Amino acid sequence: MKTQLFQIGQPINFQELILPQAMQLANFANTQGSQLGCTLEGFLQIGHEKQGICLKFETERPQHCEHAIERYEMVLVVFNATANQLPLVIPLRKDFPLCPHTNLSKRGEPRSLCLYAEPTELALLSLTPAKLIHRIQHWFTQTASGTLHGKDQPLEPLIVGADGWLVLPTSENWAEAMRHNPTEFYRISPDEVVRPYLVPWSSAKQADPKFPRFLTIFVETTPHAHGALLHNPTNLPELFDLLVPVGVNLWDLLRQRLSEIFSNLGNTASESCKIVVIVRLPKTRSNSSEVERIDTYAFLLGANAGEIGIALDVLHRQGGKLVTIALINTAPATDIEQLNKIPVNTLNCISDCDSNLAASLSGTPRTDDMIAVVGLGSLGSQVVTNLTRLGMKKWHFFDGDLMSPHNSVRHVLSRSDTGTHKATALAELCRDILADSEVQVTSADLDVLSELLPDGLQRNGTDWVFDFSASMAVSRWIAKRDHITRALSAFLTPNGEALILLVEDKERAFRLDWLEMLHYRSILNTEFLHGVLAPPRGKLRYGWSCRDVSFEMPQDVVAHWAAMTARFVRKELNNANAKVRILHTKEEGYGEVTVTDVKIAPIVSEQVGDWKITTDLWLLEKLRKLRTQKLPSETGGVLLGTFDTFHRQIYLVDALSAPLDSQASAEYFERGFAGLTDDVRHVQMLTADQIQYVGEWHSHPPSCSTNPSAQDLKLLCWQAELMGLDALPGVMLIIGEVSHSFVLSHQLY
Amino acid sequence: MHEIIFYPIGNGEACLIKLNNGRLIAFDYADLANPNDPNDRRMPLRENFKQDIGWYGHFTKRRTIDVLAITHGDLDHVKAIPEHFWLRHAKKYQSDDRIKFDEMWVPAALIVEEGSEEDTRIIRQEARHRFLAKEGILVFSRPEALNAWLQKQPDGVDKNIENYRHLCRDAGTLVPSFSKAQDGVEFFIHSPFASRTEDGLLDRNADCIVVQAVFVEGGRETKVLLSGDIPNKDGEFDEIIRTTKRHGKQHRLEWDVLDVPHHCSYLSLAPEKGTYKTKPTEEVKWLLEQGTQRSIMVCSSKEIPAETTDQPPHVETLRAYKEYCDAKDGDWRVTMEFPSKQGKVERTRVEITANGAKLIKHAGNAAPISTTAVRAG
C-alpha cells in the first residue's frame, strides 16, 4: 500500500530557494546527507514567507518498535523568513504515530517533531544543517526504541494549556473523599471575562452568592500509557471523544449525575448550577509498565446543568419546570447539535498550598513538630510566617496583645486587623498560607507571676516553645518551669544591631536564664559586641499610657533578623545541644553578619540559704588561673552577675581581677579600689545594666580550706552592710586549689 | 544492552560480542588489512579491537577477553592471532601488548589436522597445548573424535580420553560457560556434529563451528545465528538443518540476526550459483524463512560487485538473500559497504536491546549536541 503523505505548499526548484537556512540545508543534504541516512527529495514554497526542504530519512529502529517508525520517513523542514525561529520539522506520513515529543498543531494538520530541549534562543546559537539532521535522526532512533523520553523525565501529560485554574483540595486522600461526596467548587474570579479560577467551596473565604457554585462530576479512568499530547476539547462531544479511549462513557456519567443533582437539590437550585468534570488519569510509561503518576484534569462545562440535561435527554421541560426522565436502558435521544454548542474550558488543576508543597519548594524537610509561640510582635509574627512558608504547620500562639495601627509598620498583620488579637489574626494568616495549618490560639499573655502552666506548653504534646516575647520575665519564667518543653528564645538588641538566639538543650540542662547570662558574658568579653546593647536610637509614644512607647527600628532590620531566625530554626531544629548565638551586623552595612557562638561550660549551682547561686566551670577556671598566677600570695576581686529577686537566684557571670592597689600576702588579701568604680560602671553600660557588682572573690593558698577565715567574716560583715541597703545579699566566693566555697553575707544575720 | 561488532575486514570474519555484564567473546579474528597499501580500505584490527574491549579505558584497562572462538582455521578467520594475542604455549607469544583470552573455542579439526601452515599452525599449537594442559579450551566435538590424535602423543601425556571429556562439547548442547541467567546469553552448538550412517557415527562438518546465540535483554530473547563459513556444496548446511529439525529443535534455527555464511558465497546456499539469483536448497530456503520480522543479515565480505564473479561475494547470492530480507522488512548490511562503498569503512554494530536487534545505520551518529542550562536565575 502506498504511503499517504500530507500535501503542503507548492513544489519549487532549488534556484527558487531564497531563505539562507533552507539553501544551506539543501546543499548539505545533497552532498553529505547519505552519510547520515538522509536524502534530499524536493523543495516547497509555503505561503509567501516559508520555504520547505523535503528529506527522506532511513531510520535506525529495533525489530520491535515502541512507536511505529517506518524504515523510511519523509519529513518537511520548514524555514520561516524571520531568522529568529527554529525550523519546524514535520513528518509527512499521514498515519505517522501519535507519540511523545510531537508538537500540537491545528486539528487535522500534521504535528511537528519536538527536537529541542533548550530554549529557541540557545538552540539557534549552534544550529547547523548537520546538527539538525542529527537531531531528526536521533529523534527517530530514540522514538522507535521508546527511549527519547528519558527514564527520569516526567510522563507527558494528555493535554496541555488551559483556560483557567482549579485548585484541588490538599487532603492526601481527596480522591477517596471525592468518590463518595464530590467537592463543590466556587469561582473566585469576579468577572466572566477573566480566566476562571475555581477553589474548593470549603476554602472560599468570602463566598459571593452572585458567583456560581460548581458541582463536580468526578471520573476515574483506566491506566493510560503516556504518548502524544492531544488537543484540548472545545465542546462537550470532543470531551466525550477524549475520554472514550481511557474507558469513560461521559454521557452515561453525566446523565446519572444530573439525575441525582435534580433529585437532591430540586428544580430551582439545580437548573442554574454549573458543572465541572474532574478526571483522574493514572499514567504509565508504556503499555506494559506500572502506574507511575496520576494526572488530574478538569473541564468546565459552559452551560448550566438544566441545559446539559435537556441536551442529554435526561431532563425535559414540563410546564416551565424541568423534570427528570427515568434512566432506562434504551438509547436516549441525545441532541448532538445542542451538545456541540456547549463549550468546554480546560482548567489547569493545581494543588492547594500545604506544608508538603511549602517544604518541597523550600527544599527543606517537612516537620510535624508542634510549636508553642509566646509573643507575636514584630519579630515573632515575621518569624512565624517565615517558618510557615517553610512548611511548619502546627502552632499554638500565646499573645494577649491587640493589633494597633502603629504595629503595621513592623508586623506582618496590617491596619485591617486593628483591634483584633494578634494571635487570632496571625493564626488566620497561617491558615491562609498553608491549607493544612493546624493553629491553636490562646489570646492572653502568659501570667509570668503565676506558677500555673497553661495548656500547650507542657512537654507532652508540644515539641518546642519559641519565645519571641523579648521579655526577660517570660524567658526566666519558662526557665523555671520544669514541665515545660524545650525552649528557644530569639530577640533583637534595642538598637537592632544584633539578634540573640538562645536554645535550650534537649534535656534542658541549660535553660534560658543561664543562656541569657552567657550572652552577657560574651558581650563583655568580645570587643566588637561592646555596643550591641546600647539603647535604641529613638522612642516614639503612640498612646497616652506610660507603656505606650515604641522605639525606632526600620522594618528592613526586623525582616532581616526574622529571616535569620527562621534560617537558624530550620538548621538547628534537630540539634540536641544548647546554643547561644549572637548575630551581629552594623547598621551602615548591607547585612554582613558576624556570627558568635558562645562557649557553654558545665553549670555549677548551689543552694545557699534561700538563694540559689549559679555559675559555671568557665568562671571557676578563670579564677583558679588568676589564683595560680599570684601564688604564693592570695588574690581576689569583684564578682559580676545579677540577682533575680523574684526567683531568689544569683547568677555569677564573670569576675574582675584584683585592682592595682590591692594588698596581698600568703595569708592575707585586701582588695583595693583603684579604677574599680569605672570598671563596674563600664560593665553595666556594656550590658544595659543587666550585669552588676554582686560580691567578692578571693583565693586561699595551697593546703588551706576554702572555709571563710576570720578576716573573711569581717569582709562579709562589710558586704552585708553595703548590700543590705538594697535588701540583697553579698556573695563571697573563695577559690582554693581544687575546691571553692560560696558564702552569702546575709547568712550572718 | 548487548552489542555485536562486525569488523569490516574484507572477505574475512572478525566479530566481537560485548555482553551487558562486561564479558567479551570474539568470534574469529583476522587482521587482513595491508598497512602498506593506501588503497586498502579494510579496517586494521589490532588497535580498533583493543579500543573496543577497553584496552585504553580511562579507569580500568582491559587486557583479557573471556573467549576467543575460532570457527575454523582458514586464514581469513585467524590471521594475525599469533601476533596480537598472548599464547600460553610459547614465551615468544607473551608480551605486554598482547591480548589474553581465558578460553578458546575450536572445532576438533583444528587440533587433529596435520599440515597446517602459517598462523593456523601456531593456533593449532596453542589449542593442543591448552587441551593437553586441560584448561582454557572448549573443543566443539565428541571426545572420541580426538582419541586417535591423543594416542599419538608422546609418552608422559595422559592418554585417557575420559580425562578430557569436560573439555569437549558436542552439537545439540549448550556451551557450559555461559547462561541466560548469568550472562544474558546462551550458545547452542549446531556444528561440528556427527552424522549417523550405515557405518555408525561419522564426523562431518568437523571443520566449522556454527552456533545459535540466544540473548536476553529486558525479558526479550534475540537470536543470532553465527554460521562461520559453513558450506553447502555437498549438503553440509542442509545436514545441520535436517538434523536439528529431526531432533525437534526447529527453534534453534530461528534468527533475528544472521551472520551470512562464507562471505556471501553461493556455495553456502546451494551447489549452483544460478544465472541471475542463486536458488537455495529447500533446507536453506526454510532456514532463511525463519528470520523474524525486521531481522538483520550481516555479510562480512568485500563490496558486492555488480557483475558475476568467481570469488565471493556473489551478486547472485546477494539477490537471493535480499529477497528473504525484504520479505521480512529486514536490514541487509555488507561490512565493507558501510557507511559507503568508497572511503573509510566503519564497524557494523548490532545492538541487542529490549526492543530486539537494532542495526546501527548512521556512522558517527552521536547524540545530538544539546546544550543544558548552565545559568540559573
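Across the interface of chain B and chain A, four salt bridges are found, a salt bridge being a side-chain nitrogen of Lys or Arg within 4 Å of a carboxyl oxygen of Asp or Glu. This is a predicted model, in which local features need pLDDT of at least 70 and side-chain atom pairs count only at pLDDT 80 or more, whereas totals for chains, interfaces and linings use all residues. Residues are numbered from 1 along each chain as its sequence is written, chains are lettered from A and ligands numbered from 1 in the order in which they are written, and side-chain values use heavy atoms, with hydrogens and water left out.

**Interface of chain B and chain A**

- One salt bridge joins B:Lys361 to A:Glu58, with the closest N and O atoms 3.4 Å apart.
- Between chain B and chain A, 16 residue pairs are in polar contact, both residues being at pLDDT 80 or more; a polar contact is a pair of N or O atoms within 3.5 Å, where within protein one must be able to donate a hydrogen and the other to accept it, and residues adjacent in sequence count only if both atoms are side-chain atoms.
- On the side of chain B that touches chain A, the elements giving two or more residues are strand S12 (220-226), strand S14 (291-299) and strand S17 (356-359) of chain B; strands are DSSP runs of E of at least two residues, and helices are runs of H or I of at least four, numbered from the N terminus.
- In contact (heavy atoms within 4.5 Å) are 30 residues of chain B and 23 residues of chain A.
- The two chains, B and A, bury about 2300 Å² between them, 42% of it on carbon and sulfur atoms; buried area is the accessible area (1.4 Å probe) that two parts lose on being put together, summed over both.
- In chain B, the most area is lost to chain A by B:Arg294, B:Asn355 and B:His362, together 28% of what that side buries.

**An open sheet in chain A**

- Five strands of chain A form an open sheet in the order S1-S2-S3-S4-S5, with antiparallel pairing; two strands pair if DSSP finds at least two bridges between them.
- Strand S1 (10-12) and strand S5 (88-91) of chain A each have a single partner strand, so one side of each is left without a neighbour in the sheet.
- Strand S3 (residues 50-58) and strand S4 (residues 72-80) of chain A pair in the antiparallel sense over nine bridges.
- A:Glu58 stands opposite A:Tyr72 in S4(A).

**A hairpin in chain A**

- Strands S15(A) and S16(A) form a hairpin with two residues between them, and A:Gly319 in the turn has a positive phi of about 60°.
- A:Arg317 stands opposite A:Leu322 in S16(A).
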